[in-house]
Amino acid sequence: VRVKFALSIKPSPSTALLTRALSEGMIAEAISLSEVRAALTAGFSASQIILNGPGKWFDTGNIEEQQTEISLLAVIADSARELDRLTESIVNGTMLNDGQTVRLPIAGAEYIGIRLSVCGTSSRFGADVGDPRVVEQLVNALQRLPVDQKTVFHFHFASSTLGIPAWTGAVQAALLAAAQIDRLAGRKCSMLDFGGGWAANT
């Protein structure tokens with residue numbers, strides 16, 4: 001198993017911190033197009049950037065025009081509806097952010113996936129895998145992806161809120177849900193992305 005650490009740009013937007021993270025072999029995790037731009041400016045390649053979160057396609061209005069298409073390491077949907085839209089874009093060969101008012105042409109990603117929300121975390125983010133209708137939507141979207149498209153499952157919840165033991169239990173629940181979705185979709189995910197805002201001493 002290959003493990004990579006990612007720096008969340010949201011709480012650490014400093015170019016100096018991003019440059020240091022890059023020099024230490026970390027990748028970057030962005031939740032907006034402006035954060036993707038910040039990572040690119042700091043020297044990260046597009047293939048070293050993960051884009052997730054519910055507002056990833058919002059344009060801040062101050063991103064410079066870029067003509068060259070880029071392909072990220074991963075784009076992670078925050079809902080079943082968004083995963084369905086990403087799937088449609090990939091199948092149709094259009095931009096992942098097609099139809100949105102953005103200035104960063106993201107043509108694809110090595111990994112496409114979904115953020116999971118599991119019972120006990122009370123999160124308003126991610127796809128609620130406790131709802132059979134949501135699971136069915138996820139399975140349908142994943143089944144329509146090209147066979148060679150790599151997939152990723154993402155789970156994030158503050159460990160400081162749950163506590164480490166409960167956070168670990170939530171991760172186990174997310175893994176079980178991911179395995180079930182994979183089995184139903186006839187796929188095998190290639191990447192797991194976990195976050196939790198760990199303290200320095202955990």
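**Reading contacts, burial and helix packing**

Q: Let's start with one residue. Leaving aside neighbours within four places in sequence, which residues is Leu17 in contact with?
A: Leu17 is in contact with Leu7 and Ser12, once those neighbours within four places are set aside. Keep in mind that this is a predicted model.

Q: Where does Leu17 sit, and is Leu17 buried or exposed, or something in between?
A: Leu17 is in helix α1. For burial, you read the relative accessible area: under 20% is buried and over 50% is exposed, with partly exposed in between. Leu17 comes out at 46%, so it counts as partly exposed.

Q: How do I read the start of α1, and what comes just after the helix?
A: Look for a cap first. Ser14 caps the N-terminal end of α1, which covers residues 15-23, and a side-chain oxygen of Ser14 lies 3.2 Å from the backbone nitrogen of Ala16. Then check the backbone just past the helix: Gly25 takes a positive phi of about 85° there.

Q: How do I describe two helices that pack together?
A: Packed helices get two numbers, the angle between their axes and the distance between the axes. Here, α1 and α2 (residues 33-42) have axes that come within 9 Å and cross at roughly 65°. The crossing is right-handed. On the α1 side the contact is made by Thr15, Leu18, Thr19 and Leu22, and on the α2 side by Ala38, Ala39 and Ala42. By type, the residues of this contact are five nonpolar and two polar, with no charged ones.

Q: Why would residues three or four places apart in a helix point the same way?
A: An α-helix has 3.6 residues a turn, so positions three or four places apart face the same way. With that idea in hand, go back to the α1 list: Thr15, Leu18, Thr19 and Leu22.

Q: What about Val36: buried or exposed?
A: Val36 belongs to helix α2. Its relative accessibility is 0%, so Val36 counts as buried. Beyond four places in sequence, the contacts of Val36 are Ala30, Ile49, Leu51, Ile70, Leu72 and Leu104. Another pair to check is Val36 and Lys56, which are 20 residues apart in sequence, with 9.5 Å from C-alpha to C-alpha.

Q: Is Thr151 buried or exposed, and what does Thr151 touch?
A: Thr151 sits in strand β7, residues 150-156, and counts as buried because its relative accessibility is 4%. Among the residues Thr151 touches beyond four places in sequence are Tyr111, Ile112, Leu142, Arg187, Cys189 and Met191.

Q: Now zoom out. How many helices and strands are there, and in what order?
A: The protein has six helices and eight strands. From the N terminus on, they run β-α-β-α-β-β-α-β-β-α-β-α-α-β. Of the 202 residues, 46% count as buried. For the contacts, take those with a separation of 6 or more: residues 24 or more positions apart account for 65% of them. And the accessible surface is about 10600 Å², with 53% belonging to carbon and sulfur atoms.

Technical notes
Residues are numbered from 1 along each chain as its sequence is written. This is a predicted model: local features need pLDDT of at least 70, side-chain atom pairs count only at pLDDT 80 or more; totals for chains, interfaces and linings use all residues. Side-chain values use heavy atoms; hydrogens and water are left out. Helices (H or I, at least four residues) and strands (E, at least two) are DSSP runs, numbered from the N terminus. Buried means under 20% relative accessible area, exposed over 50%, partly exposed in between (1.4 Å probe, protein chains only). Contact means heavy atoms within 4.5 Å. Accessible areas come from the Shrake-Rupley method with a 1.4 Å probe; for residues, only the protein chains shown count as cover. A polar contact is a pair of N or O atoms within 3.5 Å; within protein, one must be able to donate a hydrogen and the other to accept it, and residues adjacent in sequence count only if both atoms are side-chain atoms. Axes are lines fitted to C-alpha atoms, for helices over the stretch in contact, and angles run from 0 to 180 degrees between N-to-C directions. A crossing is left-handed if the near helix is turned anticlockwise from the far one by less than a right angle, and right-handed if clockwise. Ala, Val, Leu, Ile, Met, Phe, Trp, Tyr, Cys and Pro count as nonpolar, Asp, Glu, Lys and Arg as charged, and the others, Gly among them, as polar.
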